[in-house]
Amino acid sequence: MLHYAVVFLVIALIAALLGFGGLAAGAASIAKVLAIVFVVMAVASFLWGRLRRP
């Protein structure tokens with residue numbers, strides 16, 4: 001999932017350099033959402049692993 005966030009971030013940067021404002025904003029928002037989902041899932045996985053071990 002982090003891979004997709006990075007891909008959308010790169011697409012947003014390239015689109016911003018080329019002047020496609022709407023496409024850049026859309027790709028940047030998708031990258032932001034995917035990065036947040038990745039962080040939440042990583043923290044949940046870490047906590048779940050810590051709680052399952054005695």
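This is a predicted model: local features need pLDDT of at least 70, side-chain atom pairs count only at pLDDT 80 or more; totals for chains, interfaces and linings use all residues.

Me: Let us begin with H1. How many residues has H1, and how far does it reach?

Reply: Helix H1 runs over residues 2–18. It has 17 residues and reaches 24 Å from its first C-alpha to its last, close to the 24 Å expected at 1.5 Å a residue.

Me: Which residues of H1 are buried?

Reply: Those are Ala5, Ala12 and Ala15. They lie on the same side of H1, because they cover an arc of only 90° around the axis.

Me: And what do the buried residues of H1 pack against?

Reply: They pack against H2.

Me: Which exposed residues are on the face turned away from the buried side of H1?

Reply: That face carries His3, Leu13, Leu17 and Leu18.

Me: Now H2. Why does its end-to-end distance agree with its number of residues?

Reply: Helix H2 covers residues 21–52. Its 32 residues should span 46 Å at 1.5 Å a residue, and its end C-alpha atoms are 46 Å apart, so the two agree.

Me: Which residues are buried in H2?

Reply: Ala24, Ala27, Ala31 and Leu34 are buried there. The cover over the buried residues of H2 includes H1.

Me: What about Ala25, is it buried or partly exposed?

Reply: Ala25, which is also found in H2, has a relative accessible area of 48% and is therefore partly exposed. The cut-offs are under 20% for buried and over 50% for exposed.

Me: How far apart are the C-alpha atoms of Ala25 and Ala12?

Reply: They are separated by 6.8 Å, although the two residues are 13 residues apart along the chain.

Me: Turning to the surface, which residues form the nonpolar patch?

Reply: The patch is made up of Leu2, Val6, Val10, Ile14, Leu18, Phe20, Leu23, Phe38, Val39, Val43, Phe46 and Leu47. Together they have about 1,100 Å² of accessible area.

Me: Which helix gives the most to the nonpolar patch?

Reply: H2 does, with 6 residues. H1 and H2 each supply at least two.

Me: Finally, why is Leu47 called partly exposed?

Reply: Leu47 lies in helix H2. Its relative accessible area is 46%, so it counts as partly exposed.

Terms used:
Residues are numbered from 1 along each chain as its sequence is written. Side-chain values use heavy atoms; hydrogens and water are left out. Patches are made of residues with over 30% relative accessible area and no salt bridge: like charges are joined within 9 Å, nonpolar side chains (Val, Leu, Ile, Met, Phe, Trp, Tyr) within 5 Å. Accessible areas come from the Shrake-Rupley method with a 1.4 Å probe; for residues, only the protein chains shown count as cover. A salt bridge is a side-chain nitrogen of Lys or Arg within 4 Å of a carboxyl oxygen of Asp or Glu. Helices (H or I, at least four residues) and strands (E, at least two) are DSSP runs, numbered from the N terminus. Buried means under 20% relative accessible area, exposed over 50%, partly exposed in between (1.4 Å probe, protein chains only). The expected span of a helix is 1.5 Å times one less than its number of residues. Contact means heavy atoms within 4.5 Å. The arc is that of the directions from the helix axis to the C-beta atoms.
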